[in-house]
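I opened this entry to keep track of what I looked up, item by item. The order is my own.

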Amino acid sequence: MTESVDLDRMAKEVRAAAEECGAMILESILAGEHLPAVAVDGDTFPSLVRHLKPRLIYMIPTEFDAKEEVTAHFEEDELDTGLKKLAAKWTHRNGQSSRLILGLMG
């Protein structure tokens with residue numbers, strides 16, 4: 001088993017090597033047993049695109065719909081007056097962008 005200090009040294013050396021050659025490092029998580037995933041903020045993604053120059057960018061924009069958002073979290077028989085009022089309170093935001101999922105392939 002690799003010691004923690006060895007892992008720290010390896011990470012430091014990889015960061016230094018990346019800096020030397022202009023590579024971008026993205027902190028990743030494991031989305032599955034063998035599937036790394038990265039979540040980046042809105043300011044980082046354009047930089048990532050410029051750095052990697054991908055051939056394909058996946059884009060999934062989602063529009064907000066108050067009723068749909070509320071009903072997605074509750075069963076139909078659970079939608080009491082309070083939840084319906086909650087959805088009605090936010091209907092003025094319907095149609096606005098609420099989520100943007102981006103992915104790319106080199």
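**Entry 1: Arg 15.** I started with Arg 15, which sits in helix α1, residues 4-21. The model is a predicted one, and I read every value with that in mind. Is Arg 15 buried, partly exposed or exposed? I found a relative accessibility of 43% for Arg 15. Buried needs under 20% and exposed needs over 50%. Arg 15 therefore counts as partly exposed.

Next I asked what Arg 15 touches, leaving out residues up to four places away in sequence. I got Ile 25 and Glu 27. I also looked up the separation from Tyr 58, which is 43 residues from Arg 15 along the chain. The C-alpha atoms of Arg 15 and Tyr 58 are 28 Å apart.

**Entry 2: Glu 13.** I stayed in helix α1, where Glu 13 is also found. The relative accessible area of Glu 13 is 46%, so I logged Glu 13 as partly exposed. I checked Glu 13 against Tyr 58 too, 45 residues apart along the chain. Their C-alpha atoms are separated by 32 Å.

**Entry 3: Thr 91.** I moved to the loop between α4 (81-89) and β4, where Thr 91 lies. Thr 91 has 38% relative accessibility and therefore counts as partly exposed. Then I looked at Asp 65, which is 26 residues from Thr 91 along the chain.

**Entry 4: Lys 53.** I noted a backbone angle here. Lys 53 is not a glycine, yet its phi is positive, at about 50°. I placed Lys 53 in the loop between α2 and β3 (56-63). Lys 53 has a relative accessibility of 64%. The cut-off for exposed is over 50%, so Lys 53 counts as exposed.

**Entry 5: the fold.** How many helices and strands does the protein have? I counted 4 helices and 4 strands. Reading from the N terminus, I wrote down the order α-β-β-α-β-α-α-β. I then took the contacts between residues at least 6 apart in sequence. Of these, 65% join residues at least 24 apart.

**Entry 6: overall dimensions.** I compared the radius of gyration with the globule rule. The protein has 21 Å, whereas a compact globule of 106 residues would be near 13 Å. Along the principal axes, I found that the C-alpha atoms fill a box of roughly 60 × 35 × 20 Å.

I looked at burial next. Buried residues are 10% of the 106 in the protein. The accessible surface is about 9,000 Å². Carbon and sulfur atoms account for 56% of that surface.

**Entry 7: the largest pocket.** I finished with the largest pocket, which holds about 290 Å³ of space. I listed 14 lining residues, and the closest to the pocket centre are Val 38, Ala 39, Val 40, Phe 45 and Leu 102. Which elements give two or more residues to this lining? They are α2 (44-52) and β4 (97-105). I noted that β4 supplies the largest share, 5 residues.

I also sorted the lining by class. I got 11 nonpolar, 2 polar and 1 charged residues.

Notes. Residues numbered from 1 in each chain as written. Predicted model: local features only at pLDDT ≥ 70, side-chain atom pairs only at ≥ 80, totals over all residues. Heavy atoms only, no water. 1 Å grid on protein atoms, 1.4 Å probe; cavity = no way out; pocket = protein on both sides within 12 Å on 5 of 7 lines; lining within 4 Å. Points joined across faces, edges and corners; volume = space filled by probe spheres on them. Nonpolar A, V, L, I, M, F, W, Y, C, P; charged D, E, K, R; others polar. Rg over C-alpha atoms; globule rule 2.2 N^0.38 Å. Buried < 20%, exposed > 50% of the residue type's maximum accessible area, 1.4 Å probe, protein only. Contact = heavy atoms within 4.5 Å. Areas by Shrake-Rupley, 256 points an atom, 1.4 Å probe, with all protein chains shown as cover.
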